[in-house]
Amino acid sequence: MPENQPHRAESESGVSRRDLFNIIGAVPAAAVLTGSPAAATQAPETHQHSTAEPAPNAKGPYQRQTFNDQQWRTVRVLCDLILPADERSGSSVEAGVPEFLDDWIAFRSEEDGNQDFRGEIFGGLMWLDRESTRLFQKDFADASPDQQKQILDRIAFPQKAAKEDQMWARFFSQFRKLTVGGFFSSKVGVADLPYLGNRLVVDWKGCDPKVWAILEDRMKNGYKGVLEVKPWGAAS
């Protein structure tokens with residue numbers, strides 16, 4: 001999504017960010033991002049002297065609320081490293097995740113009545129730039145993919161992170177969760193699932209045999225194999 005993409009703070013179903021906060025706390029799973037800018041339309045001419053006017057609901061470019069220019073560059077790069085574009089869908093940036101994060105941080109700061117959450121995210125972004133500058137003499141956003149991976153590999157798995165990297169591993173886990181939540185609640189992410197809700201199914205064929213075979217195999221030892229939560233990135 002381009003930087004001037006507007007972001008809708010309230011979902012299309014009418015659920016506000018405040019409702020989401022009360023329901024799910026810090027997990028932004030139900031916020032919906034707009035898929036395209038609202039187009040300015042012209043009113044029809046009623047006589048030869050009438051003039052064109054923009055629609056009342058036309059929106060301008062998205063205005064950042066929290067990130068400065070340096071942080072914005074880092075956030076956009078980091079989001080696309082976590083969920084890049086593939087053959088099925090666009091990237092996190094195309095889905096509007098940076099805008100989502102900016103809006104969510106502003107909302108959390110207001111709702112919590114403090115800057116703790118904002119400080120956690122900003123501190124992690126600062127650390128990425130500091131480490132990249134120390135190791136490669138350039139900001140994280142300007143580093144090569146291999147250099148970026150070298151830094152992220154240190155904090156991608158909290159259970160494997162060195163003691164001095166534990167704080168930044170917690171930051172990355174939080175940022176990754178927010179990125180995934182924002183992506184899969186966007187129009188791009190919902191299309192990627194794909195979600196077939198609210199559609200008439202004439203012929204229900206049941207669970208996919210391949211999926212059912214996996215479930216049966218895992219249920220041989222009771223429900224433990226089905227309900228077990230595996231570490232991020234671990235093979236199923």
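Leaving aside neighbours within four places in sequence, with which residues is Glu 131 in contact?

1. The question is taken up here, with the reminder that the model is predicted. Glu 131 is in contact with Ile 151 and Arg 154, once its neighbours within four places in sequence are left aside. The residue belongs to helix H4, and because its relative accessibility is 7%, under the 20% cut-off, Glu 131 counts as buried.

2. Confidence deserves attention before any detail is read. The average pLDDT of the chain is 74, and 65% of the residues score at least 70. Over residues 1–58 the pLDDT stays under 50, although the model has 95 contacts beyond four places in sequence for this stretch. Residues 225–230 likewise stay under 50, and for them the model has seven contacts beyond four places in sequence. Where pLDDT is low, the predicted coordinates should not be read in detail.

3. As to the overall make-up, the chain has nine helices and zero strands, so that its pattern along the sequence reads α-α-α-α-α-α-α-α-α.

4. For Ile 121, the contacts beyond four places in sequence are with Phe 67, Ile 105, Phe 171, Gln 174, Phe 175 and Leu 178.

5. The pairing of H2 with H4 can be given in geometric terms. Two packed helices are described by the angle between their axes and the distance between the axes. Here the axes of H2 and H4 come within 10 Å and cross at roughly 85°, and because angles of 65 to 115 degrees count as roughly perpendicular, that is the description that applies to H2 and H4. On the H2 side the residues that meet H4 are Gln 70, Gln 71, Thr 74, Val 75 and Leu 78, and on the H4 side their partners are Phe 122, Leu 125, Leu 128 and Asp 129.

6. Arg 73, which also lies in helix H2, has a relative accessibility of 34% and therefore counts as partly exposed. Not counting residues up to four places away in sequence, Arg 73 touches Asp 139, Ala 141 and Asp 142. With Ala 141 the separation is 68 residues in sequence, whereas the C-alpha to C-alpha distance in space is 6.3 Å.

7. A backbone detail that a colleague may wish to inspect concerns Gln 137, which has a positive phi of about 60° although it is not a glycine. Gln 137 is placed in the loop between H4 and H5, and because its relative accessibility is 61%, over the 50% cut-off, Gln 137 counts as exposed.

8. Which residues does Thr 179 contact, leaving aside its neighbours within four places in sequence? They are Cys 79, Ile 82, Leu 83, Ser 92, Val 97 and Leu 101. Thr 179 lies in helix H6, and at 0% relative accessibility Thr 179 counts as buried. The C-alpha atoms of Thr 179 and Asp 80 are separated by 9.2 Å, the two residues being 99 residues apart along the chain.

Methods
Residues are numbered from 1 along each chain as its sequence is written. This is a predicted model: local features need pLDDT of at least 70, side-chain atom pairs count only at pLDDT 80 or more; totals for chains, interfaces and linings use all residues. Side-chain values use heavy atoms; hydrogens and water are left out. Helices (H or I, at least four residues) and strands (E, at least two) are DSSP runs, numbered from the N terminus. Contact means heavy atoms within 4.5 Å. pLDDT is the predictor's confidence in each residue, from 0 to 100. Axes are lines fitted to C-alpha atoms, for helices over the stretch in contact, and angles run from 0 to 180 degrees between N-to-C directions. Angles under 35 degrees count as roughly parallel, over 145 as roughly antiparallel, 65 to 115 as roughly perpendicular and the rest as oblique. Buried means under 20% relative accessible area, exposed over 50%, partly exposed in between (1.4 Å probe, protein chains only).
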